[in-house]
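The report that follows describes how two chains meet and how parts of each are built. Please read it beside the sequence and the coordinates.

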Amino acid sequence: MLELLIHQILAGLFRASYYWLIASGLTLIFGVTRVINFAHAAFFVLGGYIALTIDSLTGNFWIAVAVATLTIGCIGVAVEMGLIKPLYKIESLYQLLITFAVTLIVNDASKLIWGAASRSMKLPTELAISVKLAGRSYPLFYFFVITIAIIVFIALYIALEKTFWGLKVKSTWRDVTMAQALRINTGRVYTTTFFIGSLLAGFGGASMVAFTPVAPGLGDSLIVTAFVIVVLAGLGNLFGAYVSSIIIGIAESMFLLFIPELDILLIFVIMAAVLLVRPWGLFGER
Amino acid sequence: MVSPDRRRFLGTVAAGVVGIAVGAGLGWSLRLPETREEKVTFTVPGPTVTVTREGQTVTVTREVTAKRTLPKDTIKIGVLGIRSGPWATYGTLIEEGAVLAMEEINAAGGILGAKISLAIRDEAADVVKQARELVEAEKVDFLVGVDSSGNAMRVGPIMSELNKILVVTHAATHRFTEELVYKQKIKQLFRVSVPVYQDGILAAYVAKDLPVKKWAGINPDYEYGRVSWQFFKDTLSKLRSDVEFVSEQFNRSPGTTDFSPFLSAALGAGAEGIYTTNWALEAVTMHRQMKSLGIYDQVMAVINPMSYSMDVVYELGKDYPTAKHGTWVSGRYVWFYPKTSINERFVESFRRRWGRYPAYSSETTYTAIHMLKAAIELTGSLDLDTLISAMEGMVVLSPAGARWIRPDDHQAIYDVPYGKITHVGGEIPILTDLVTRSAWEYYRSPPF
């Protein structure tokens with residue numbers, strides 16, 4: 001039984017790591033710019049597509065991931081500067097609509113470029129090495145992703161809490177008018193936030209495609225879980241999002257083991273229950 | 001099927017009979033007092049016609065159009081398939097079959113001279129709205145396609161109101177034919193593809209002969225997944241008393257990108273075999289993850305009913321994993337079965353047109369259009385009731401073999417085998433150790 005629990009926890013952590021890579025960008029962008037970026041998961045999947053194209057050209061997984069990550073970062077910036085910036089001053093509904101439009105465009109563009117069929121690439125040999133744990137073998141890739149998620153968490157923590165740039169981001173996050181009064185270039189902070197958020201999504205998608213094939217529109221279902229995580233943590237609470245990713249990831253694994261009939265439902269039950277008791281989320285501020 | 005030349009000949013003969021009858025009648029009325037009697041017998045299809053002619057030669061002028069014609073020059077067929085989202089590839093597969101049928105039929109002169117045209121819509125964008133628009137705005141004569149069982153159950157009930165024939169070519173829920181056609185008597189609905197009897201019941205016949213006693217199910221969490229798993233369990237428990245179903249999981253579909261917790265829970269429950277009806281993207285994901293998590297080395301056999309679909313086969317290709325006692329898969333048609341000239345010709349022309357082996361929903365859609373053609377040619381009519389009664393009980397010779405359209409539930413009865421994924425070199429694996437059972441044996445039959 002203990003072994004089984006270890007396996008489920010590991011599988012949950014692995015899943016949670018992907019949730020975190022999506023949710024971190026989503027909540028960071030929301031926290032700073034107050035834009036609910038519906039296209040975020042579409043960027044995640046697009047990262048996968050770009051990675052598999054680069055991989056088929058170069059045959060190198062690492063180059064593919066790097067190029068895809070940067071490309072998505074740049075696409076994020078382009079979308080922010082070209083489409084979202086003009087909408088900051090008006091109702092947030094319009095921002096939601098424009099990011100939804102971007103989602104549709106990205107989905108159909110991927111279908112046009114890469115076709116409707118699912119696509120995937122192979123795990124690089126160095127990550128395919130199997131590691132024995134409690135009687136089962138896992139590819140090294142598993143631990144790689146979990147580690148990367150932790151590294152991302154630490155890096156974001158340092159960037160936000162220990163640097164001057166982080167201070168500027170946090171002050172924009174708190175009160176944008178005050179930040180502007182203090183001569184912080186909030187426009188640039190917004191763009192940088194979009195860049196970092198998209199970078200994380202791009203990296204997540206690019207590395208995922210070695211384990212999970214991508215198809216156009218896959219992001220539409222991923223964004224739902226990402227929203228659940230972000231709302232559970234409290235909208236805009238970055239570090240809470242890591243904890244709630246892990247809560248959701250492991251809860252899903254455990255429900256599968258013990259109450260498989262209800263596992264999909266229970267995630268939403270958890271969210272509803274938390275929102276009833278703490279409408280501002282587990283880690284959010286009142 | 002009646003060929004145009006033979007039809008023209010029969011028409012002429014019939015016209016001749018009518019002409020002579022008229023002539024005879026006229027002759028009889030003009031007869032002279034002393035006459036001699038002559039009997040002439042014509043043989044035409046149907047009852048023998050005897051015309052009695054008396055008197056001298058009479059000249060009769062007659063004007064008859066012998067050729068059967070349709071009231072229109074174009075027959076428009078609406079095609080529904082999933083064209084957006086993670087399953088978008090299936091809409092393309094349906095489209096490829098429809099386009100090939102249209103091109104071939106039009107090149108050979110159309111249906112009784114009328115050309116076919118297609119109107120293709122995305123069923124994922126509200127299937128009911130799309131079907132209505134196809135019928136009301138695009139004025140289609142028939143509808144074919146539909147990938148999702150949920151969509152088939154939504155669009156089925158409105159077909160009696162729209163009063164058009166819908167031939168389903170992929171959606172597999174047994175409720176479509178058992179409930180909508182058999183119980184609710186919506187006579188406009190037909191299905192030329194196999195229902196879940198294939199996914200659930202025939203799969204149990206495969207499992208019966210495997211050395212697996214503990215089965216785990218990992219199935220998509222909607223009607224198709226749940227019903228197939230239920231059929232599998234029910235049938236296998238009847239066929240073998242020593243099997244156990246140790247774990248049952250239902251994954252979100254579409255949208256499951258990581259099967260590891262499901263697989264881990266199944267192994268934890270001691271599964272020796274895994275039964276999954278995940279398909280398309282999720283089938284690819286699951287097989288790949290089972291391989292990288294080493295699960296293929298730990299279970300004896302895997303059954304995945306729809307995974308000899310060409311999108312899955314091409315995507316996994318040479319890496320399609322095989323378990324010790326086989327990865328058993330099937331489809332609604334597999335391209336190399338049966339070995340008939342019709343099938344070989346179809347595969348050949350499909351490959352020429354699209355550069356790939358035909359997927360099952362391409363074949364079923366191709367067949368649906370040919371079935372409509374046969375019904376129209378047989379009756380010479382576009383009248384709905386005439387066509388429906390022509391299609392009930394019709395035997396369609398198709399690439400997948402002879403399909404009999406069972407009149408009670410409008411379900412095509414034909415055999416599709418299961419087989420073991422085997423790599424023989426080349427781009428895609430083939431199936432060996434085929435399990436071929438007659439559809440009569442494993443299809444449920446009315447009364448339901």
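A residue is called buried here if 20 or more other C-beta atoms lie within 10 Å of its own, exposed if 12 or fewer do, and partly exposed in between, the C-beta atoms being placed from the backbone. This is a predicted model, in which local features need pLDDT of at least 70 and side-chain atom pairs count only at pLDDT 80 or more, while totals for chains, interfaces and linings use all residues. Residues are numbered from 1 along each chain as its sequence is written, and chains are lettered from A and ligands numbered from 1 in the order in which they are written.

**Chain B: a buried helix and its surroundings**

B:Ala152 counts as buried because it has 27 C-beta neighbours inside 10 Å, and this residue lies in helix α4 of chain B; helices (H or I, at least four residues) and strands (E, at least two) are DSSP runs, numbered from the N terminus. Two residues are in contact if their C-beta atoms, placed from the backbone, lie within 7 Å. Leaving aside neighbours within four places in sequence, B:Ala152 is in contact with B:Val146, B:Val168, B:Ala171, B:Thr173 and B:Phe176. B:Lys339, by comparison, is 187 residues from B:Ala152 in sequence and 31 Å from it in space, C-alpha to C-alpha.

B:Phe176 is also one of the buried residues of helix α6 (residues 174–183) of chain B, together with B:His174, B:Thr177, B:Leu180 and B:Val181. The elements that cover the buried residues of α6(B) include α4 (149–155), β6 (165–168), β7 (189–191), α7 (196–208), α8 and β15 (411–413) of chain B. Just after α6(B), B:Lys185 takes a positive phi of about 55 degrees.

In chain B as a whole, the secondary structure comes to 15 helices and 17 strands, and buried residues make up 49% of its 448 residues. Among the contacts in chain B between residues at least 6 apart in sequence, 72% join residues at least 24 apart.

**The open sheet of chain B**

Seven strands of chain B form an open sheet with mixed pairing, in the order β9-β8-β10-β11-β12-β16-β17, where two strands pair if DSSP finds at least two bridges between them. The edge strands, each of which pairs on one side only, are β9 (244–251) and β17 (430–435) of chain B. Neighbouring strands of this sheet are turned by 25 degrees against each other on average, direction ignored. Axes are lines fitted to C-alpha atoms, for helices over the stretch in contact, and angles run from 0 to 180 degrees between N-to-C directions. Within the sheet, β11 (residues 301–304) and β12 (residues 327–329) of chain B pair in the parallel sense over 3 bridges, and B:Ile303 stands opposite B:Trp328 in β12(B).

| Helix of chain B | Strands of chain B touched | Angle of direction |
|---|---|---|
| α8 (residues 223–239) | β8 (214–220), β9, β10 (273–275) | about 160 degrees with β8(B) |
| α9 (residues 260–268) | β8, β9, β10 | about 170 degrees with β9(B) |

**Chain A and its contact with chain B**

The contact between the chains takes 37 residues from chain A and 32 residues from chain B. On the side of chain A that touches chain B, α1 (2–33), α4 (92–114), β2 (136–139), α10 (218–233) and α11 (238–258) of chain A each supply at least two residues, and α1(A) gives the most, with 7 residues.

Strand β2(A) is joined by 4 bridges to strand β1 (residues 130–133) of chain A, and the two run antiparallel; A:Val131 stands opposite A:Tyr138 in β2(A). The two strands form a hairpin with 2 residues between them, and A:Ala134 in the turn has a positive phi of about 45 degrees. Not counting residues up to four places away in sequence, A:Ser137 touches A:Ser130, A:Val131, A:Lys132 and B:Gly294.

Elsewhere in chain A, helix α2 (residues 40–58) and helix α9 (residues 186–208) pack at an angle of about 50 degrees, with their axes 7 Å apart.
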